[in-house]
Amino acid sequence: MRRKHREDEDTAIDMTPMLDIVFIMLIFFIVTTSFVREDTVEISRPSTNQDSTPPKNPPPLIVVSIDEQSNVFMNDRSIDPEAIRANIETQLAADPRSPVLVRVHEEAVNNVLVTAVDQANAAGVSKVNVARWITGK
């Protein structure tokens, strides 16, 4: 009888070393994980609140239009999407406070919209607005 009782005590497994290894592995994975911060574009939706009064001398609005075939227009002329920055910088020379409005057709490719917003930000525009291009039927 005494012998059986002793065998039961010896068969217990000590979990402490295994828990130590698990915690060490957890710390290793936390330390070696790299957190990447991706560049993002902030786009704000238009609000319906019209309680603010417009300024007396507003700066001229720079309009970039993207049609349904993803063609880019500024001042009623077609331009290359990569030339948006140069065109905006030219117009900003007259008034650096000018906001940019990107009018985009709902059928246009999203990549062209993102390129237009990125080009405007690279030109140094502090405020870029995006609006849906409504065509007359």
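Modeller: Start with the layout. Along the sequence, the pattern of the protein is α-α-β-β-β-α-β-α-β. That gives four helices and five strands. The model is predicted. Of the 137 residues, 24% are buried. Among contacts between residues at least 6 apart in sequence, 72% join residues at least 24 apart.

Now the helix pair. Two packed helices are described by the angle between their axes and the distance between the axes. For helix 3 and helix 4, the axes come within 8 Å and cross at roughly 45 degrees. Helix 3 is therefore oblique to helix 4, since angles from 65 to 115 degrees would be needed for roughly perpendicular and under 35 for roughly parallel. The crossing of the two helices is right-handed. Helix 3 makes the contact through Ile-84, Arg-85, Ile-88 and Glu-89. Helix 4 answers with Ala-116, Gln-119, Ala-120 and Ala-122. By type, the residues of this contact are five nonpolar, one polar and two charged.

Next, the core. The largest nonpolar core holds 21 residues. Val-64, Ile-66, Ile-88, Val-100 and Val-102 have the most contacts inside it. At least two core residues come from each of strand 1 (62–66), strand 2 (72–74), helix 3 (84–92), strand 4 (100–104) and helix 4 (110–122). Helix 4 gives the most, with five residues.

Ile-88 links both topics. Leaving out residues up to four places away in sequence, Ile-88 touches Ile-62, Val-64, Met-74, Val-100, Ala-120, Ala-123 and Val-125.

Technical notes: Residues are numbered from 1 along each chain as its sequence is written. This is a predicted model: local features need pLDDT of at least 70, side-chain atom pairs count only at pLDDT 80 or more; totals for chains, interfaces and linings use all residues. Side-chain values use heavy atoms; hydrogens and water are left out. A nonpolar core is a set of buried Ala, Val, Leu, Ile, Met, Phe, Trp, Tyr and Cys residues joined through side-chain atoms within 4.5 Å. Buried means under 20% relative accessible area, exposed over 50%, partly exposed in between (1.4 Å probe, protein chains only). Contact means heavy atoms within 4.5 Å. Axes are lines fitted to C-alpha atoms, for helices over the stretch in contact, and angles run from 0 to 180 degrees between N-to-C directions. Angles under 35 degrees count as roughly parallel, over 145 as roughly antiparallel, 65 to 115 as roughly perpendicular and the rest as oblique. A crossing is left-handed if the near helix is turned anticlockwise from the far one by less than a right angle, and right-handed if clockwise. Ala, Val, Leu, Ile, Met, Phe, Trp, Tyr, Cys and Pro count as nonpolar, Asp, Glu, Lys and Arg as charged, and the others, Gly among them, as polar.
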